[in-house]
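Trainee: I would like to learn how to read salt bridges and backbone angles in a model. Can you take me through a case?

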Amino acid sequence: MVQQLSFDDVYGRLIRECLNGSRLAQKELYERLSSRMYSVCIRYIGDKEVAKDILHDGFIVLFSKLDTFKGNGSFEGWARRIFINTALMHLRKADVLKYSDGLESKAAVELEVNPTAADELDAEILMRLVAEMPVGFRTVFNMYAIEGYNHQEIAKELDITEGGSRSQLSRARIWLKEKLIELGMI
């Protein structure tokens, strides 16, 4: 199977070497991916120490399933999916959304950003705010707004109702709007 992989990029080389048992290639692959995948873990988990555990678990899964990567699409995208699933599995086990309800009565919140403050609203501030969200809000917000899942997919992944997903997203938007107001951004 190793011979069938025909990618010519750095990841292709590393994948082939990892599949052939190279510990150095595993280390290099870890070093190339760990900071980006840690960012994914921290976005979902919020707690730095738990996110490190999720990162570790994600790499165990990645290395155990490396032979299933067929080269369709980007390797980083494939790897990212593993880390998202690992984080979601942790959240499901912790049952963080068990109190989600299907309240859909609140209208979606539109964020109107103050133009003079918009320059100050950078990705770092936004990611810090997302990390501070309550776990249910953060999980659904990440899946919907950042990863591009729809409510049906989120409901299936988290074992909640679509209404629960919509409710968590609406509440996340309200929470984020309140924080942005506190910072004078809107």
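Mentor: We will go through charged pairs first, then a backbone angle. Keep in mind that this is a predicted model.

Trainee: What should I look for in a salt bridge?

Mentor: Look for a side-chain nitrogen of Lys or Arg within 4 Å of a carboxyl oxygen of Asp or Glu. A search of the whole structure here gives 13 salt bridges.

Trainee: Which residue does K27 pair with, and at what N to O distance?

Mentor: K27 pairs with E31, at 3.6 Å from N to O. Both residues belong to helix α2, which covers residues 23-45. They are 4 residues apart, about one turn of the helix.

Trainee: Which salt bridge does E28 make with its side chain?

Mentor: The side chain of E28 meets that of R32, with N to O at 3.3 Å. This pair also lies in helix α2, 4 residues apart, about one turn of the helix. E28 is partly exposed at 25% relative accessible area. R32 is partly exposed too, at 35%.

Trainee: What does E182 do, and where does it lie?

Mentor: E182 forms a salt bridge with K179, and their closest N and O atoms are 3.9 Å apart. That value is within the 4 Å cut-off. Both residues lie in helix α9, residues 162-182. Here the spacing is 3 residues, about one turn of the helix.

Trainee: How do the accessibilities of E182 and K179 read?

Mentor: E182 is exposed, with a relative accessible area of 60%. K179 counts as partly exposed, at 25% relative accessibility.

Trainee: Now the backbone. Which residue has a positive phi although it is not a glycine?

Mentor: D159 does, with a phi of about 60 degrees.

Trainee: Where is D159 placed?

Mentor: D159 sits in the loop between α8, residues 151-158, and α9.

Trainee: Is D159 buried or exposed?

Mentor: D159 is exposed, at a relative accessible area of 69%.

Conventions. Residues numbered from 1 in each chain as written. Predicted model: local features only at pLDDT ≥ 70, side-chain atom pairs only at ≥ 80, totals over all residues. Heavy atoms only, no water. Helix = DSSP H or I, 4+ residues; strand = E, 2+ residues; numbered from the N terminus. Buried < 20%, exposed > 50% of the residue type's maximum accessible area, 1.4 Å probe, protein only.
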